[in-house]
Amino acid sequence: MTKEFALTVDRIKCDGRGLCAELLPEMIRLDEWGYPIIAAGPIPQHLIPLAQRAVEDCPVLALAFRRTERSKGG
Amino acid sequence: MSNSILWYTTRGAGAVTLVLLSAVVVMGILSALRVQSTGWPRFLTTGLHRNLALMTLVFLALHIVTAVIDPFTNLGWGAALIPFSSHYRTLWLGLGVVAFELLLAIVVTSLLRNLIGHYAWRAIHWLTYASWPIAVVHGFGTGTDAWSAWLIVVTAACIAAVGTAALYRMLTGSTDPLASPRTEFRAGVQRRELP
């Protein structure tokens with residue numbers, strides 16, 4: 001089993017500030033109203049520091065890590 | 001000579017703190033207004049707001065510590081921590097203590113934002129609008145340099161910057177791109193009667 005992290009956005013808290021898409025454009029883009037659309041699946045290892053920054057910088061605490069466990073090769 | 005170094009340091013650090021704190025307040029307002037341009041992304045406003053705030057605390061600590069250990073006023077730590085307990089310029093120094101403690105509450109809750117949640121954090125963050133003016137009044141009231149031309153210019157520039165930003169914020173409505181659909185939705189929900 002390996003632990004992996006995905007990004008998740010709380011749609012109630014999010015009010016479309018858009019900092020996350022600036023900090024992590026590799027995984028987050030904005031819809032036409034400025035709300036984030038997050039790439040599905042685990043965060044690639046090399047993007048984890050940037051993802052961390054995006055989570056910390058969200059002004060309304062709407063972005064979070066979600067831990068997902070999956071078996072190797074699964 | 002070493003005594004007057006402490007005294008000059010506390011005055012200088014106080015002035016620097018005022019400038020930094022005003023910049024922090026302006027950055028905070030700009031981030032709430034979602035200001036951005038091609039050369040100025042939104043995370044820059046937030047990053048400056050947070051890092052300048054921590055830098056403000058450093059100069060504020062210098063301002064307070066040098067004021068306390070300076071033998072001329074002989075303040076003691078009590079006067080620095082308990083508002084209006086100082087024998088020296090009781091009111092004006094007390095206002096400085098109040099501004100400092102409000103600021104401390106704002107910074108500590110910001111560092112613990114994940115624990116206390118967004119709404120509690122935000123409620124306490126509004127105290128900025130008390131802390132900053134109190135700090136300005138403290139500077140005018142007790143500042144040894146308060147009526148020297150250079151500090152009047154600096155203080156006036158700070159008041160103008162924060163005042164303009166705050167006024168602009170008051171006059172600007174919600175910056176949420178979905179503000180009007182949200183309001184409509186909430187009004188619709190409230191109109192429905194319980195079965």
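Which helices of chain B do the buried residues of helix 4 of chain B pack against? The close-ups below, taken from a predicted model, begin with that one.

**View 1. The buried residues of helix 4 of chain B and their partners.** Helix 2 (42-69), helix 3 (77-81), helix 6 (118-125) and helix 7 (128-142) of chain B are what these residues pack against. To find the buried set, look for L93(B), G94(B), L95(B), G96(B), V97(B), A99(B), F100(B), L103(B) and I106(B).

**View 2. Helix 4 of chain B from end to end.** Residues 90-111 make up this helix, 22 residues in total. From its first C-alpha to its last it reaches 31 Å, close to the 32 Å expected at 1.5 Å a residue.

**View 3. Helix 4 of chain B against helix 6 of chain B.** The axes of the two helices lie 9 Å apart, and the packing angle is about 160°. Because angles over 145 degrees count as roughly antiparallel, helix 4 of chain B is roughly antiparallel to helix 6 of chain B. The crossing of these two helices is left-handed.

**View 4. Residues where helix 4 of chain B meets helix 6 of chain B.** Helix 4 of chain B brings A105(B), I106(B), T109(B) and S110(B), which meet W121(B), I124(B) and H125(B) of helix 6 of chain B. Sorted by class, the residues of this contact are 4 nonpolar, 3 polar and no charged.

**View 5. Chain A beside chain B.** Here 14 residues of chain A are in contact with 12 residues of chain B. On the chain A side, helix 1 (residues 19-23) gives the most, with 3 residues. That side has 6 nonpolar, 3 polar and 5 charged residues.

Definitions and conventions. Residues are numbered from 1 along each chain as its sequence is written. Chains are lettered from A and ligands numbered from 1 in the order in which they are written. This is a predicted model: local features need pLDDT of at least 70, side-chain atom pairs count only at pLDDT 80 or more; totals for chains, interfaces and linings use all residues. Helices (H or I, at least four residues) and strands (E, at least two) are DSSP runs, numbered from the N terminus. The expected span of a helix is 1.5 Å times one less than its number of residues. A residue is buried if 20 or more other C-beta atoms lie within 10 Å of its own, exposed if 12 or fewer, and partly exposed in between; C-beta atoms are placed from the backbone. Two residues are in contact if their C-beta atoms, placed from the backbone, lie within 7 Å. Axes are lines fitted to C-alpha atoms, for helices over the stretch in contact, and angles run from 0 to 180 degrees between N-to-C directions. Angles under 35 degrees count as roughly parallel, over 145 as roughly antiparallel, 65 to 115 as roughly perpendicular and the rest as oblique. A crossing is left-handed if the near helix is turned anticlockwise from the far one by less than a right angle, and right-handed if clockwise. Ala, Val, Leu, Ile, Met, Phe, Trp, Tyr, Cys and Pro count as nonpolar, Asp, Glu, Lys and Arg as charged, and the others, Gly among them, as polar.
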